Amino acid sequence: MRRKPFLKPLACTVLFLALGLGGSISSLYGEEWPSKPIQIVVGYSAGGTSDLVTRGLAEPLKKILKVPVVVENKPGGASLIASGYLAKAKPDGYTLGQVAGNSITERPFFMQVPFDPVKAFSFICQVFDYGAGFVVKSDAPWKTFPEFVEAAKKQPGKLSVSMSGPGSYLQVGIAKLERKVPGLKLKVVPFKGGVDAVTALLGGHVDSCFQSQEWRPFVESGKLRLLAIGGRERLKDYPQVPTWLDLGYGVFAEAPGAYAAPAGLPGNIRDKLEQAFKAAMGDPKFKATMKSLSLVEVYKPGKELYEDLMKMYEENKTTIPQLGITEQ
Amino acid sequence: METLQNLIFGFQVTLQPINLFYCLIGVLIGTLIGVLPGIGPVGAMSLLLPATFHVSPVGAVIMLSGIYYGAQYGGSTTSILVNIPGEASSVVTCLDGYQMARQGRAGPALGIAAFGSFIAATLAIIGLIFMASPLSNGALGFGPPEYCTLMCVGLVVLTFLAQGSMYKGLMMALFGLLISYIGLDLFNAKPRFTFGAQELQEGVGIVPLVMGLFGISEILLNLEQPLRREIYKAKIKGLFPTFQDWMDAKGAILRGSLVGFFLGILPGGGAVLASFASYAIEKKFSKYPEKFGTGVIEGVAAPEAANNAAAQASFIPLLSLGIPPNVVMALLFGGLLIHGIQPGPLLIQKHPDLFWGVVASMYVGNMMLLALNLPLIGMWVRVLKIPYHLLFPLILLLCIIGVYSVNNSTFDIYLMVLFGVIGYFMQKFDFEPAPLALAYVLGPMLEVSLRQSLIMSEGSFLIFIHRPIPLVSLLLIVGLLIAQIFSYWRKKRHVPGASALGTI
């Protein structure tokens, strides 16, 4: 009697099962991390600044960690959708994400965020700051920022400033400035993106623009004039332009760009990641990328970053509602 | 003449074998991407962006650009063959293109789309070369009030799209407007109509919307018939446009190119608006407007010319001013930054090889695309002969993959299916999807620019009259409306009881 040909399919099935299980068993037994590709989620579309920084980091990270590092774009909701996705991911060190500092410190006061700002993330480190510059057209009558402020005070609510919104750190920054400078009231015109905001200024539709760095090529070519920096430090290529702190307003607007993992990430993996990121930031190609993107490189270890973010968060709990921009 | 010298220089750059190679790869991938529904040039460009790190800047931009305008060629293919817009700018091509395919005239439709695209792109490139600088400065003059009134003109133009009952068309437009408002409010970040769903904070994406409304609903409708029956008439009447086709379409191609060129320069304007506008204009000025939507060649030629002209024109703000007018250009912007090139007003002076090389490559690329697409027509037409019960699962699969690839979101797939079902019922009751799609595109821009304008004017509507462009636009709208009422009265007098609403 002919033997039924079951050995072959049986053998195949066992083989496949073995291969499949073998893969997952290796991670069950805690094979040395990292043993499979690492994914970094970015909340903006490919080609944008946030995306390019991450891709610039991914290359050296791949060499350091010796596993593929893949960037995945999940744009939407001003990076909140990606952050929400990250918060729900498994804290096994294979899913990381780029998290904007003010998703933690500011946005929760404007909108519902899909994560707990205090508890959701285990921060690896800060890599950069988006920066913020206040620009006007080069043929405008105001040559310095105090001049602009004086002119604005004389006609409250008349001079306009464009920026990307809503609920952005730029909007919060301007509001905080208005609070600190008595008599200053600007007309805030939000746009859907930084490029649109700068374009509006170029076309003369607004008087000024407060934006991260989309104004760079135009300041360089002389079409726009940089009056002030919103961040804490002056820009290396424009050392003569003062910050708001330099000018004595006691206010700053910063937007840290950091990388994090879902909370619950084992401490030793987090530390290894922090070391890897720090080393990656030293890579010359990455430094060149940062330069071409005109971003301010800022390294802050995860623990320190978290503490600073929490401090800001607590402060904003009282400050932001007072600014009166959360309800319309 | 200096421009001629620069052009020759540009061709020298482009015709280097390595750059020709990048151009070829770019347009090949672009065509493929355009044909595949859902995944658009942005997706492909972002995937290839890291690969360009190791390539010269000129080569990188040539390749990435090729993907973009290549996709405009491919996008019409699925619109015509299976009523699935490969891209938002190919939605209008579905209206007549698909009908032509059902009548066995897919070949001529594809042919006129390819030729029309080529002619339009060539005209746009000429426009780019000679008018780049003054045009982009002119485009800067478009601020919120100008956009607002432009969108209003768009809404009026939209009414010309409706084929059947005007009431139903308007209802669909209102529905489209409503859908467009789902999402985060730009001014106070409050979610609207999101029902708490995080995924809806960005609103309903255009890809799930149009793929569902046009593509999925068409599949559902076709499934009602016995699957063995031919969805497409068996007799393929010729593979290329006939002389008559050319005669009919030549005006459409020229007008479409013009419309596409000017709308493409405007940031935020672009190919989608251009395709709708050119279709509506053709229909309005045609001798047989009632035939639009049943398979009229102008209905394919005009939007295809428009979206290609717009794609070429959208390079103008980027290359001459450093302002990317749409997402694709923004990606290119990023690509340039990575190579250490700062896009901006000084780009032409600092990197003339890049600027003129890219311009020349556009022409070379378009020629390659024509050579690529024409022979493929025969192949595409044969695809239609695949029995529908085998074809539709393939189409469905491509749609699902396509819509997922945009945002890596499964929610988008559900949305697409939902709109497919909605579209199915809409078709059953004679409601047209085209006004909905156009209103959906116009809605956000209209609302945002209106509110921005009012902030700028501190609440006064006079801002729309004090500036030249909005004033002209408003007068145009009033003029169009008066003309419409006039022709209604005249018809009423000659044919008592005729309803102008049904004949527009």
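**Entry 1: the sheet in chain A**

I began with the open sheet in chain A, which has 6 strands in the order β2-β1-β3-β10-β4-β11 and mixed pairing. The model is predicted, and I read every entry below with that in mind. At the edges of the sheet I found β2 and β11 (296-301) of chain A, each of which pairs on one side only.

**Entry 2: two strand pairs**

How many bridges join β1(A) to β2(A)? I found 5 bridges, and the two strands run parallel. I38(A) has V69(A) in β2(A) as its bridge partner. I also checked the cover of strand β1 (residues 38-42) of chain A: 4 of its 5 residues are buried, which leaves the strand mostly covered.

Next I turned to strand β4 (residues 121-129) and strand β10 (residues 256-262) of chain A, which pair in the antiparallel sense over 7 bridges. In this pair I noted C125(A), which stands opposite Y259(A) in β10(A). As a reminder to myself, side chains in a regular strand alternate between the two faces of the sheet.

**Entry 3: a helix across the sheet**

Which strands does helix α11 of chain A lie across? I traced α11 (residues 302-323) across β4, β10 and β11 of chain A, and it runs at about 90° to β4(A). One of these strands, β11(A), is an edge strand of the sheet.

I looked at the loop between α1 (7-28) and β1 of chain A, where P34(A) lies. The peptide bond from W33(A) to P34(A) is cis, with omega near 0°. I wrote this one down because most peptide bonds are trans.

**Entry 4: where chain A touches chain B**

I looked up the contact of the two chains and found 41 residues of chain A against 44 residues of chain B. Several elements of chain A give two or more residues to this side, including β2 (69-73), α3 (80-88), α7 (194-202) and α10 (284-293). α7(A) gives the most, with 5 residues. I listed the classes on the chain A side as 16 nonpolar, 17 polar and 8 charged residues.

**Entry 5: two helices in chain B**

I moved to chain B, where helix α17 (residues 388-407) and helix α18 (residues 410-428) pack at an angle of about 135°, with their axes 8 Å apart. That angle makes α17(B) oblique to α18(B). Their crossing is right-handed. Among the residues that meet, I noted C399(B), I400(B) and V403(B) in α17(B), and I413(B) and M416(B) in α18(B). By class, this contact has 7 nonpolar, 2 polar and 1 charged residues.

**Entry 6: two positive phi values in chain B**

Most residues other than glycine have a negative phi, so I searched for exceptions. N83(B) has a phi near 60° and lies in the loop between α4 (57-82) and α5 (91-102) of chain B. E458(B) has a positive phi of about 55° although it is not a glycine, and it lies in the loop between α19 (433-456) and α20 (463-466) of chain B.

Is N83(B) buried or exposed? N83(B) counts as buried because it has 25 C-beta neighbours inside 10 Å, and the cut-off for buried is 20 or more. E458(B) has 11 other C-beta atoms within 10 Å and so is exposed, as the cut-off for exposed is 12 or fewer.

Conventions. Residues numbered from 1 in each chain as written. Chains lettered and ligands numbered in written order. Predicted model: local features only at pLDDT ≥ 70, side-chain atom pairs only at ≥ 80, totals over all residues. Contact = placed C-beta atoms within 7 Å. Nonpolar A, V, L, I, M, F, W, Y, C, P; charged D, E, K, R; others polar. Axes fitted to C-alpha atoms, helices over the stretch in contact; angles between N-to-C directions. Parallel < 35°, antiparallel > 145°, perpendicular 65-115°, else oblique. Left-handed = near helix turned anticlockwise from the far one by under 90°. Pairing = 2+ DSSP bridges.
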